Amino acid sequence: MEKIRRASHAGSWYTDNPKKLREELDGWLRACGLEKSPDVRGVIAPHAGYSYSGRAAAYAFGNIDPTNISRIFLLGPSHHYYTPKCALSTATVYKTPVGDLPIDLEVIEELKATGKFELMDLLVDEAEHSMEMHLPYLAKIFEGHLVKVVPILVGAVNPDNEAMYGRLLAKYVDDPHNFFSVSSDFCHWGSRFNYQHYDEKHGAIHKSIEALDKMGMDIIETGDPDAFKQYLMEYDNTICGRHPISVFLHMSRNCSTKIKIKFLRYEQSSQCKSMRDSSVSYASAAAKLDT
């Protein structure tokens, strides 16, 4: 029986008008002017409303060559629902205004059989935006290609379990037909986020935020999950997709395929100049075969 996850944030976080949404996505993808490469096996991309992060996200999704990919693993953080584990979707199809994406039920069953995952009900799935904000881009890029998705909600996973999930999922990286879409925004700065780290040596607050984010991005590019954990412990940077990113770093550490992550775009929702201001940072990366 079909179990549909509605595009619950369409009409608020992004337009629910298919024609308009296609035009927006097309425009952003064209503007970033990136070459599609079959070597791109994964992306890290933001998940804010498209008016904030749609343009930045294009720099991740614009790299994807859909030709040989038949499965997309989608890893997103949980914003509303607490779980110390990873959770699998119970839907059979994810709807978007620009085309629907069927769930790979076979792989879901395979993961379920490990006993390491919980299941999220449809209400939890539809309340969460972190994976949904990747879906219109993916539906657009993979239009006309037979592709299925494996959505994995990554909860508040401790470092040992990040490593465990990384080992468990690593074998999927070695299948060249699999692709990985990792959802994360970067620094959430301001009193409303209870985070106001400011190092005056960088000058304006927004420059300090940028330096902090770039430090994290540089560490992610090294592919070292332990160094990333150290960085988060030291600076507590409010990277909301820290757990999905960590799981992905452990996956690439434990697979046979050599993967290199490279950040291609960095933006901030606004430039903080005083302690009363707030902003969210967006960073887009491609994970390529390191040949």
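I looked up the pairing of strand 11 (residues 259–268) with strand 12 and found 9 bridges, the two running antiparallel. In strand 12, I261 has A287 as its bridge partner. My strands are DSSP runs of E, at least two residues long and numbered from the N terminus, and I call two strands paired if DSSP finds at least two bridges between them.

A note to myself: this is a predicted model, where local features need pLDDT of at least 70, side-chain atom pairs count only at pLDDT 80 or more, and totals for chains, interfaces and linings use all residues. I number residues from 1 along each chain as its sequence is written, and side-chain values use heavy atoms, with hydrogens and water left out.

Next I checked strand 2 (residues 40–45), which is antiparallel to strand 12 and joined to it by 4 bridges. Here V40 stands opposite K288.

Strand 10 (residues 188–189) also runs antiparallel to strand 12, with 2 bridges; H188 is paired there with V280.

How many of the 11 residues of strand 12 are buried? I counted 9 in residues 279–289, taking buried as under 20% relative accessible area with a 1.4 Å probe, protein chains only.

Last, I turned to the largest pocket, about 280 Å³ in volume. Of its 18 lining residues, A48, H188, F193, V280 and Y282 are the closest to its centre. A pocket here is an open set of points on a 1 Å grid over the protein atoms alone, where a 1.4 Å probe fits, with protein on both sides within 12 Å along at least five of seven lines; lining residues have an atom within 4 Å of a point. The volume is the space filled by probe spheres set on the points, which are joined across faces, edges and corners. Strand 12 gives the largest share of the lining, 3 residues.

Methods:
Buried means under 20% relative accessible area, exposed over 50%, partly exposed in between (1.4 Å probe, protein chains only).
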